[in-house]
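Colleague: Hi, could you walk me through this one? I'd like to start with the ligand and then go on to the sheets.

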Amino acid sequence: MQKALELDDLRVHYPTGGGLLKAVDGVSLSVGTGETVGLVGESGCGKSTLARCVVGLNAPTGGAVRLAGWETSGGRGDRLTRARVVQMIFQDPMGSLNPRLTTRQTIELPLKVHGIGNRAERLEKVLELMKQVGLGPHLLDRYPHELSGGQRQRVSIARALALEPALLICDEIVSALDVSVQAQVLNLLTDLQTRLGIAFLFITHDLAVVRYLSDRIVVMYLGRIVEEGPAESVWNHARHPYTQALVSSIPDRMAGTRLRLSGDLPSPIDPPSGCGFRTRCPHARPICAEQRPELRGAGLPHLVACHFAAEIPELAAPAPAATAP
Ligand code: ADP
Ligand code: MG
């Protein structure tokens, strides 16, 4: 079946005063039609840079981006085509919504730009989209500052859905919201997944958030993928020491062993030789400084980029939940 997104050896190297910063350094991944892929990794590992390449806000330094089989050129000409295939929602809805546009104008704009419908048809479509994201018609003429954070995020979701894209990229979209509102927005997304059959690339630093939402989980570290595969397999049988640290930091997965990450993410301008994670890895041995581990199977339904994937013990299973007497 055709993929909604295929990244082939994607690279984004930013020239900086201190040297070349390899924000994304050879990432290949795909998102199937209607599939949800969770992209996880700590701040600075290159998630947003990757996302920006997919929507055309950043030009890749190397590699290919294919959207629904269509190979993007990165030229200006493909902007309109791309907007109909992929849309992105950002962390801060206040910053991504135009403060001078009402809810109606915001959601209607992509329809206008793409010459879809007449005025009456567009209003009907705007109301339908608002209903889909749980916004009542009384919010039609409100400006962003007259809405709550959760409502603003719903407006940006409605705007992103207006052109009926095949793929929706959500970049840390609940990080700035209160916990109770987070749950509501995540529920809305789950609902849209089942109703619309859109593919999602769901980006977050918080593994707990993507666990339930994702069909597959991709874990990034320092511009590269370190572990990826079916969500349940990655969650229950994490083998990469970095993924294990992420999993074991989540309260309901803590089971005696808590692996803490020591130190900070190394600079992507001067990354460690060999395995990028070795400077923080409790299992590192000399070969890790000499040879970069490739993503490969380790007797699991998913892939791991670690020389010792087959030897590293899995995390202990979480203690069974106490049963009511
Ligand atoms: P994430 O979204 O995972 O936090 P980013 O993609 O935002 O990561 O950033 C990855 C790395 O690229 C970081 O080291 C960041 O400082 C750097 N970076 C991001 N954008 C630029 C840019 N325009 N110029 C130079 N460096 C950048
Ligand atoms: Mg980011």
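This is a predicted model: local features need pLDDT of at least 70, side-chain atom pairs count only at pLDDT 80 or more; totals for chains, interfaces and linings use all residues.

Colleague: Great. Which residues surround ligand 1?

Modeller: Tyr14, Leu21, Ala23, Glu42, Ser43, Gly44, Cys45, Gly46, Lys47, Ser48, Thr49 and Pro268 do; a residue counts as near if one of its heavy atoms lies within 4 Å.

Colleague: And which element gives the most to that shell?

Modeller: H1 does, with 3 residues. Strand S2 (19–32) and helix H1 (47–55) each supply at least two. Helices (H or I, at least four residues) and strands (E, at least two) are DSSP runs, numbered from the N terminus.

Colleague: What polar atoms sit by ligand 1, say from threonine 49?

Modeller: A polar side-chain atom of threonine 49 is 2.5 Å from a ligand 1 oxygen. For glycine 46, a backbone N or O atom lies 3.1 Å from an oxygen of the ligand, while a side-chain N or O atom of tyrosine 14 is 3.4 Å from a ligand nitrogen. The cut-off for a polar contact is a pair of N or O atoms within 3.5 Å.

Colleague: Switching topic: in what order do the 4 strands of the open sheet come?

Modeller: The order is S2-S1-S4-S5, with antiparallel pairing; strands pair if DSSP finds at least two bridges between them. S2 and strand S5 (70–71) are the edges, each with a single partner strand, so one side of each lacks a neighbour in the sheet.

Colleague: How many bridges join S1 to S2?

Modeller: There are 11 between strand S1 (residues 3–16) and S2. Within that pair, leucine 5 stands opposite valine 31 in S2.

Colleague: What about the open sheet of 8 strands, what's its order?

Modeller: That one reads S6-S7-S8-S3-S9-S10-S12-S11, and its pairing is mixed. Strand S6 (86–89) and strand S11 (296–297) stand at its edges with a single partner each, so one side of each is left without a neighbour in the sheet.

Colleague: Which strands join by 2 bridges there?

Modeller: S11 and strand S12 (residues 303–304), which run antiparallel. Glycine 297 has leucine 303 of S12 as its bridge partner.

Note on methods
Residues are numbered from 1 along each chain as its sequence is written. Chains are lettered from A and ligands numbered from 1 in the order in which they are written. Side-chain values use heavy atoms; hydrogens and water are left out. A polar contact is a pair of N or O atoms within 3.5 Å; within protein, one must be able to donate a hydrogen and the other to accept it, and residues adjacent in sequence count only if both atoms are side-chain atoms.
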